[in-house]
Amino acid sequence: MGSKLQNTQLGTSPLGYALGAEIEGLDISLNLGSQIYEAINHIWQEHHVVVFRGKHLQPRDIVFFAEGFGDLDDHASTPFYRHPDVPQLLQITNRLIDGKPSETRNTGRNWHSDYSYTGRPAAASLLYCNQCPPVGGDTMFANMVRAYESLSGTMKGIVDNLHAVYDVSLTAGINERDASKTAEVRRLNPPIAHPAVRVHPRSGKRALYVSERVSHFHGMTRAESKPLIEFLCCHATQPENVYRHNWREGDLVCWDNRTVMHIALADFDQNQPRHMLRATILGEDSGFVVRDE
Ligand code: OGA
Ligand code: MN
């Protein structure tokens with residue numbers, strides 16, 4: 001007898017060759033049940049980024065949907081910038097907050113994987129677009145499984161044995177934020193080393209885990225590490241390996257931080273409002289704090 005899982009067909013169309021797929025016709029504000037979540041996870045593992053379009057989600061709907069994928073990060077590593085009523089959501093926006101330009105207006109401006117500078121880097125992120133400019137404000141995603149697989153055997157052997165040190169200070173724009181908040185974020189997140197190749201716990205796939213927020217490789221100098229970090233980031237972000245999402249209001253874009261890195265582009269008029277809400281799914285414990293290196 002075929003299982004119900006096999007019978008759970010979701011309409012899916014690829015959005016990019018390297019990664020990205022849209023799931024159509026699913027009302028994600030409903031209580032979906034484990035078989036639908038399994039079916040979504042299956043598509044997500046294959047395409048790394050899944051997109052739902054034309055949704056009208058309230059903040060609590062986003063949390064409710066996200067919780068079906070695992071425990072949510074409480075965003076304690078950056079204890080600011082929450083949605084005022086729904087603290088499980090981060091608010092990424094250029095709107096005025098308390099009469100001042102929001103400090104999250106330049107979030108994500110270099111290639112990264114969410115919360116790589118914590119001891120429990122994010123498994124996944126779900127970002128909902130409440131409001132977006134008429135043009136631009138796109139987000140790009142790079143497939144880090146393909147990036148790893150397309151390295152030579154020798155280079156794979158090298159990265160397999162490296163730990164990348166993540167430094168929250170390399171978050172683009174962090175120095176333009178309120179100095180006391182930035183100091184608190186640095187205090188909460190000392191440099192931490194994670195394996196430079198991350199193994200997906202469900203699929204077993206190996207993905208390169210190196211981004212522009214890596215200061216060096218553990219046990220190597222910064223000078224020795226720099227060309228390798230630059231090579232690996234360039235290699236991973238070749239256009240052939242990237243999906244670029246052009247937002248529409250009502251989009252929910254879900255990415256797997258274990259197999260994808262992303263960047264938010266400043267390719268829009270900052271006088272036009274952009275308002276996004278993010279839920280983050282906790283990943284596994286990983287890494288060790290690095291001091292004086
Ligand atoms: C994020 C991020 C992307 C964007 O939410 O993790 O990097 O396009 N933002 O706002
Ligand atoms: Mn991000």
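Phe141 has 0% relative accessibility, so this residue counts as buried. Keep in mind that this is a predicted model. Tyr243 is at 8%, so Tyr243 is buried too. The rings of Phe141 and Tyr243 form a stacked aromatic pair, 6.4 Å centre to centre, with 15 degrees between the planes. Phe141 lies in strand β8, residues 139-143, and Tyr243 in strand β14, residues 242-245. So the pair ties together parts 102 residues apart in sequence.

The count of aromatic pairs comes to 10. Another of them is Trp44 with Phe69. That one is edge-to-face: 5.0 Å between centres, 85 degrees between planes. Trp44 sits in helix α2, and Phe69 in the loop between α3 and β4, so parts 25 residues apart in sequence are tied together. Trp44 is buried at 4% relative accessible area. Phe69 is buried at 16%.

Two arginines next. The charged end of Arg198 sits over the ring of Tyr209, 4.7 Å from its centre. The charged end of Arg278 sits over the ring of Tyr115, at 5.1 Å.

Now the metal. Which residues coordinate the manganese ion, ligand 2? His112 through NE2, Asp114 through OD, and His262 through NE2, at 2.1 to 2.2 Å. Along the chain, the donor spacing reads H-x1-D-x147-H. Asp114 is in the loop between β6 and β7, while His262 is in strand β16, 148 residues apart. Asp114 is buried, at 4% relative accessibility. His262 is buried as well, at 5%.

Technical notes: Residues are numbered from 1 along each chain as its sequence is written. Chains are lettered from A and ligands numbered from 1 in the order in which they are written. This is a predicted model: local features need pLDDT of at least 70, side-chain atom pairs count only at pLDDT 80 or more; totals for chains, interfaces and linings use all residues. Side-chain values use heavy atoms; hydrogens and water are left out. Donors are N, O and S atoms within 2.8 Å of the metal (3.2 Å for Na, K and Ca); water is not among the atoms, so sites may look incomplete. Helices (H or I, at least four residues) and strands (E, at least two) are DSSP runs, numbered from the N terminus. Buried means under 20% relative accessible area, exposed over 50%, partly exposed in between (1.4 Å probe, protein chains only). Rings of Phe, Tyr and Trp (its six-membered ring) pair if their centres lie within 6.5 Å; planes under 30 degrees apart count as stacked, over 60 as edge-to-face and the rest as tilted. A charge sits over a ring if NZ of Lys or CZ of Arg is within 6 Å of the ring centre and within 35 degrees of the ring normal.
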